[in-house]
Amino acid sequence: MRPYSHQPQTIMKKELAVAALRNGTVIDHIPPRAVFRIVEMLSLSSEPGAITIGNNLPSENLGLKGIIKVSDREFAREDINRIALVAPSAVINTIRDYTVVSKTRVELPDELTGLCTCPNPKCITRNEPMPSRFHKVLENGQVRLRCHYCEHELDPQTLL
């Protein structure tokens with residue numbers, strides 16, 4: 001029998017921070033402040049399958065990151081565009097039989113329809129039953145969204 005020691009022991013063991021997924025989608029490299037916004041935007045709280053959410057996990061690229069694993073679901077292009085609005089660094093991994101079959105970095109499309117609301121209270125989309133429509137513009141190296149109808153601009157980060 002080994003005597004009890006008050007000195008802490010260093011365990012050199014790596015382990016997964018989040019359990020493996022058999023089939024589904026992993027949204028990885030999410031900025032920590034965007035994790036729960038994505039859960040809300042994609043209505044994941046009403047998802048019938050298992051969902052694993054990790055936040056403030058160590059990341060070499062981001063410092064800290066979030067991750068969302070959704071079993072038995074693959075996301076449509078519209079959902080991926082929603083993710084790109086608030087988490088432009090996110091990566092979508094499609095998992096089948098515990099194997100990553102595709103890995104895609106999200107990218108905001110040049111035009112977004114019906115994904116967010118124009119903040120201009122006088123915009124026609126706020127007063128008529130029609131979907132919002134935004135164009136991606138690059139200003140001083142920053143991505144902005146410009147309303148197709150009233151030309152009001154917004155920073156996608158304000159959607160958080």
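Me: What does the secondary structure of this protein come to?
Reply: Three helices and nine strands. Keep in mind that this is a predicted model.

Me: What pattern do they follow along the sequence?
Reply: Read along the sequence, the pattern is β-α-β-β-α-β-β-β-α-β-β-β.

Me: How many residues are there, and what share counts as buried?
Reply: The protein has 160 residues, and 38% of them count as buried.

Me: OK, the core. Which residues in the largest nonpolar core touch the most other members?
Reply: Ile 27, Ile 30, Ile 38, Ile 68, Ile 83, Leu 85 and Leu 145. The core has 31 residues.

Me: Which elements give two or more residues to this core?
Reply: Two helices are on the list, α1 (35–41) and α2 (77–86). The strands are β1 (24–30), β3 (63–71) and β8 (142–147).

Me: Which one gives the largest share?
Reply: That is α2, with five residues.

Me: Which eight are buried?
Reply: The buried stretch in α2 is Asp 79, Ile 80, Asn 81, Arg 82, Ile 83, Ala 84, Leu 85 and Val 86.

Me: Arg 82 is charged. Why does it count as buried?
Reply: Its relative accessibility is 18%, so Arg 82 counts as buried. The cut-off for buried is under 20%.

Me: What is Arg 82 in contact with, beyond its sequence neighbours?
Reply: Leave aside residues within four places in sequence. Arg 82 is then in contact with Met 41, Leu 42, Gly 114 and Leu 115.

Me: And Ile 83, what is that in contact with?
Reply: With the neighbours within four places left out again, Ile 83 is in contact with Ile 27, Ile 38, Leu 42, Ala 90, Ile 92 and Val 106.

Me: Which way do β1 and β4 run, parallel or antiparallel?
Reply: Antiparallel, with five bridges joining β1 to β4. As one example, Gly 24 has Ile 95 of β4 as its bridge partner.

Me: And how many bridges join β4 to β5?
Reply: Six join β4 to β5 (residues 99–105), and these strands also run antiparallel. Here Ile 95 is bridged to Val 100 in β5.

Me: What do β4 and β5 form?
Reply: A hairpin, with two residues between the strands. In the turn, Asp 97 has a positive phi of about 50°.

Me: Where does Thr 94 sit?
Reply: Thr 94 is in β4. At 10% relative accessibility, Thr 94 counts as buried.

Me: What does Thr 94 touch?
Reply: Not counting residues up to four places away in sequence, Thr 94 touches Gly 24, Glu 74, Thr 99, Val 100, Val 101 and Ser 102.

Me: What order do the strands take in the open sheet?
Reply: Its four strands go β6-β7-β8-β9, with antiparallel pairing.

Me: Which are the edge strands?
Reply: β6 (111–113) and β9 (153–154), each pairing on one side only.

Me: How many bridges join β7 to β8?
Reply: Six join β7 (residues 133–139) to β8. Among the partners, Leu 138 is bridged to Val 143 in β8.

Me: Last one: how much space lies in the second largest pocket?
Reply: About 210 Å³.

Me: Which classes of residue make up its lining?
Reply: The lining of the second largest pocket has seven nonpolar, two polar and three charged residues. Ala 84, Lys 136 and Gln 142 are among them. Both α2 and β8 supply at least two residues each to this lining.

Terms used:
Residues numbered from 1 in each chain as written. Predicted model: local features only at pLDDT ≥ 70, side-chain atom pairs only at ≥ 80, totals over all residues. Heavy atoms only, no water. Core = buried A, V, L, I, M, F, W, Y, C linked by side-chain atoms within 4.5 Å. Buried < 20%, exposed > 50% of the residue type's maximum accessible area, 1.4 Å probe, protein only. Contact = heavy atoms within 4.5 Å. Pairing = 2+ DSSP bridges. 1 Å grid on protein atoms, 1.4 Å probe; cavity = no way out; pocket = protein on both sides within 12 Å on 5 of 7 lines; lining within 4 Å. Points joined across faces, edges and corners; volume = space filled by probe spheres on them.
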